[in-house]
Structures are given as C-alpha cells and as structure tokens.
Amino acid sequence: MFADYHVHTEFSDDSTYPIEQVVKDAIAMQINEICFTDHVDYPNYYSKIRQLQSQYNMQISIKLGMEFGIQTHTIPQYEILFQKYPFDFILLSIHQVEDKEFWTQDFQNGKSQKEYNEQYYKEMLNIVKIIVYLLIWILLQDMIEMASTHLKK
C-alpha cells in the first residue's frame, strides 16, 4: 500500500495547497490512502473531508486526521478537540516550548544549543509521561466497565 499520513492543506496556516487538489494529485500519483493532518480546528475541515471521502471513495481512501502541536499546558484543549471529532489518526508534534516557536528562533534566542536541546527534550519527556498516564487511565476505565458488565451477568 502506498500512503501518506502527514498531509497539510489550505486548512493549516503552513500550507496553501487546496484540499481537493491534494486528493486529485494523490490519485494521479497512485497513492492508495491519504490522511489529512492539518494543524487547526475548523468545522469546515471536518465537513470538507467527509465530502471528499464520499466523492472519491472509489479512487482513494481518505482519512481524517489532525496534527496537534502539543505542549504540556495545551493537552487539555486537545483532549476536548479529540472528543469532538471521530479522528482516524492523530499526529503529535512539538513546534513550541513555553509558547515560543522553533521556526522563528524565538525559543532558541538567548540560549546555548545545549540549553535549548535539554529544555526541548524535557518538554517532550513531560508530554510523553502525561500521555502515558492518560492512556493508562483510559485502559483502567475500560477494564472497570468490562468487569462491571461481566459482574451484572
């Protein structure tokens, strides 16, 4: 299978690629499956992907995704977004620490390479710890629900 699961379109602030043109180009390149992973939450994004899935379903598999540019303090807002839509795929990225962008050098300014690398990896570790905790919590809730259902029988 030929697939691309990191696709940005006009719905992201880092792309101007029209979403339907992405689909047409993917079909022309004989890609079997694509997953749009734009950075932002637009209600129109979800409905447009659903429309494209219906329109092109015989030619290509189109998945609904989102790229969460995550920081430890933004996890709650992404949890809300995650509950709002039936995502097929979530891509986590770290493009900021302390709300300072990497690509503009705002985060790196005034720090040595060692300092900003250590701070970046510390942020990444903290995010992983929180996500692992959340996954364990979800698994425990599922286990409790299954046990409760089993005991009722």
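Author: What follows goes through the salt bridges one by one and then turns to the sheet and the chain.

The model is predicted, and side-chain atom pairs count only at pLDDT 80 or more. A search of the whole structure finds two salt bridges.

One of them links E118 and K114, with the closest N and O atoms 2.8 Å apart. Both residues belong to helix α4, which covers residues 113–152. Because E118 and K114 are four residues apart in that helix, about one helical turn separates them. As for solvent, K114 is exposed, its relative accessible area being 57%. E118 is partly exposed, at 46% relative accessibility. The line between the two classes is drawn at 50%, since exposed means over 50% relative accessible area.

The other salt bridge joins K100 to E98. Here the closest N and O atoms are 3.9 Å apart, and the pair counts because the cut-off is within 4 Å. K100 has a relative accessible area of 35% and is partly exposed. E98 is partly exposed too, with a relative accessible area of 44%.

Now the fold. The protein chain has four helices and six strands. Read from the N terminus, the order of elements is β-α-β-α-β-α-β-β-β-α.

Four strands make up an open sheet in the order β1-β2-β3-β4, and their pairing is parallel. At the edges lie β1 (3–7) and β4 (89–93), each of which pairs on one side only. On average, neighbouring strands of this sheet are turned by 25° against each other, direction ignored. Between β1 and strand β2 (residues 33–36), which run parallel, there are three bridges. D4 has I34 in β2 as its bridge partner. Helix α3 (residues 75–84) packs on the sheet and touches β3 (61–69) and β4. The direction of α3 makes about 165° with that of β3.

Finally, the chain as a whole. The radius of gyration of the protein chain is 19 Å, whereas a compact globule of 153 residues would have one near 15 Å. The C-alpha trace spans about 55 × 50 × 30 Å along its principal axes. Of the 153 residues, 31% count as buried. The protein chain exposes about 10100 Å², and carbon and sulfur atoms supply 58% of that area. Among contacts with a separation of 6 or more, 64% are between residues 24 or more positions apart.

Methods: Residues are numbered from 1 along each chain as its sequence is written. This is a predicted model: local features need pLDDT of at least 70, side-chain atom pairs count only at pLDDT 80 or more; totals for chains, interfaces and linings use all residues. Side-chain values use heavy atoms; hydrogens and water are left out. A salt bridge is a side-chain nitrogen of Lys or Arg within 4 Å of a carboxyl oxygen of Asp or Glu. Buried means under 20% relative accessible area, exposed over 50%, partly exposed in between (1.4 Å probe, protein chains only). Helices (H or I, at least four residues) and strands (E, at least two) are DSSP runs, numbered from the N terminus. Two strands pair if DSSP finds at least two bridges between them. Axes are lines fitted to C-alpha atoms, for helices over the stretch in contact, and angles run from 0 to 180 degrees between N-to-C directions. Contact means heavy atoms within 4.5 Å. The radius of gyration is taken over C-alpha atoms; the globule rule is 2.2 Å times the number of residues to the power 0.38. Accessible areas come from the Shrake-Rupley method with a 1.4 Å probe; for residues, only the protein chains shown count as cover.
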